[in-house]
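Welcome! Let's walk through this structure together, one part at a time.

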There are 2 protein chains.
Amino acid sequence: MKELKERILREGKIRGHNEVLKVDSFLNHQMDVAFLQAVGQEFRRRFDGCQVDRVLTIEASGIAVAAFTAQAFDQAPVLFAKKHKTKNIAGDVFLSQVESFTQDKRPYNIFVSKEFLHPGERVLLIDDFLANGSALEGLIDLVHQAGAQVVGAGIVIEKAFQPGGERIRAKGVRVESLARIASMSEETGVVFCD
Amino acid sequence: MKELKERILREGKIRGHNEVLKVDSFLNHQMDVAFLQAVGQEFRRRFDGCQVDRVLTIEASGIAVAAFTAQAFDQAPVLFAKKHKTKNIAGDVFLSQVESFTQDKRPYNIFVSKEFLHPGERVLLIDDFLANGSALEGLIDLVHQAGAQVVGAGIVIEKAFQPGGERIRAKGVRVESLARIASMSEETGVVFCD
């Protein structure tokens, strides 16, 4: 997606070699809603013709992208997996453990209420980043626990130098990333795969 | 907002007396995006004519509401305050401490990058719930630290039997809640203020 790559080049802030890419001016802290709508429409274009009953993401930075994607998919319901266990979630949940690489490195649980994920449903997964693939594997696990089907995964930015994309594709999941980064460093900037 | 009240009556799940109201079938776990768009438009109607330069909310369940509100406000930028300190936030932030009543009762920090909140900006605050008002007070604090102005607060559901709404209004902040709950219990159901 051309507009996305341009914004990454213009606004992205890199730290280290193949480490942190901050895009918090438009994607995951401050959010440009016109841009996110365009992202949603691009996912619709890429997965058009696939039946999508539900969009599933993970809090927090996946939520807005998933909401605009659902808007583009004829207002399909969105479900966001929650991290940790909170008091307000009672009853039966599907639960999966996710390794963490960006925060304090401690694994955390993600869960969704069993009420909102049903056998046979066709689920489109959405997230802002794909790196090690751990969060996305957790979402896939939740869908499978429910007896539902994964249509594919729509990712805004894939760090293609990390193993997640390859690992998820090797499971037969269709992954559509709107920008795939081959490498990045403060010296060379961001180099895209294509 | 009539549609909201109807959905609370139809889908809301109450636990205890004036304690937990679960609306996770349409608002803060599964999300009905057509409904959230209508919520955004209702906030636009209520704050129409007020200049809104930016929408500010807090992760996670405020994000989708804020995104659709921003969409209704001519694509104003959205900023969501993050909870806790993560590795990917570097540099200067505005920070405020929030008491917690719904999770583990331990206070937590919320913060936004100083880059995205500017002196003189007119900021509309958005959140899904207003109860004790602690999170909203934290957001107001962040806006004031930046030297920006609070236009008002758009709240989806106000638990009017708790002190937050009164406390925030007493500070001179305009609070628009789309449903105000006078009381609720498993026996009587939800009783609205108006």
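**Helices that cross**

Let's begin in chain B, where the axes of helix H2 (residues 33-46) and H3(B) come within 8 Å of each other and cross at roughly 55°. Here axes are lines fitted to C-alpha atoms, for helices over the stretch in contact, and angles run from 0 to 180 degrees between N-to-C directions. Helices (H or I, at least four residues) and strands (E, at least two) are DSSP runs, numbered from the N terminus. The angle makes H2(B) oblique to H3(B); angles under 35 degrees count as roughly parallel, over 145 as roughly antiparallel, 65 to 115 as roughly perpendicular and the rest as oblique. H2(B) contributes Val33(B), Leu36(B), Gln37(B), Val39(B), Gly40(B), Gln41(B), Phe43(B) and Arg44(B) to the contact, and H3(B) contributes Ala64(B), Val65(B), Phe68(B), Thr69(B), Gln71(B) and Ala72(B). Contact means heavy atoms within 4.5 Å. By type, these residues divide into eight nonpolar, five polar and one charged; Ala, Val, Leu, Ile, Met, Phe, Trp, Tyr, Cys and Pro count as nonpolar, Asp, Glu, Lys and Arg as charged, and the others, Gly among them, as polar.

Before going on, please note that this is a predicted model, in which local features need pLDDT of at least 70, side-chain atom pairs count only at pLDDT 80 or more, and totals for chains, interfaces and linings use all residues. Residues are numbered from 1 along each chain as its sequence is written, chains are lettered from A and ligands numbered from 1 in the order in which they are written, and side-chain values use heavy atoms, with hydrogens and water left out.

Now look across to the other chain. Helix H3 (residues 63-72) of chain A packs against helix H3 (residues 63-72) of chain B at an angle of about 60°, with the axes 9 Å apart. H3(A) and H3(B) are therefore oblique to each other. Ile63(A), Ala64(A), Ala67(A), Phe68(A) and Gln71(A) meet Ile63(B), Ala64(B), Ala67(B), Phe68(B) and Gln71(B) here. In this contact of H3(A) with H3(B), eight residues are nonpolar, two polar and none charged.

**Chain A as a whole**

Stepping back, chain A has five helices and eleven strands. The radius of gyration of chain A is 16 Å, close to the 16 Å that the globule rule gives for 194 residues, so chain A is as compact as a globular protein of that length. That radius is taken over C-alpha atoms, and the rule is 2.2 Å times the number of residues to the power 0.38. Of the 194 residues of chain A, 59% count as buried, where buried means under 20% relative accessible area, exposed over 50%, and partly exposed in between (1.4 Å probe, protein chains only).

In chain B, Gln30(B) lies in strand S3 (residues 30-31) and is buried at 14% relative accessibility. Beyond its neighbours within four places in sequence, Gln30(B) has contacts that include Arg54(A), Pro77(A) and Phe116(A), as well as Asp24(B).

Most residues other than glycine have a negative phi, and most peptide bonds are trans. Asn18(A), though not a glycine, has a positive phi of about 50°, and it sits in the loop between strand S1 (13-15) and strand S2 (20-22) of chain A. The peptide bond from Glu59(A) to Ala60(A) is cis, with omega near -5°. In chain B, the bond from Glu59(B) to Ala60(B) is cis as well, with omega near 0°.
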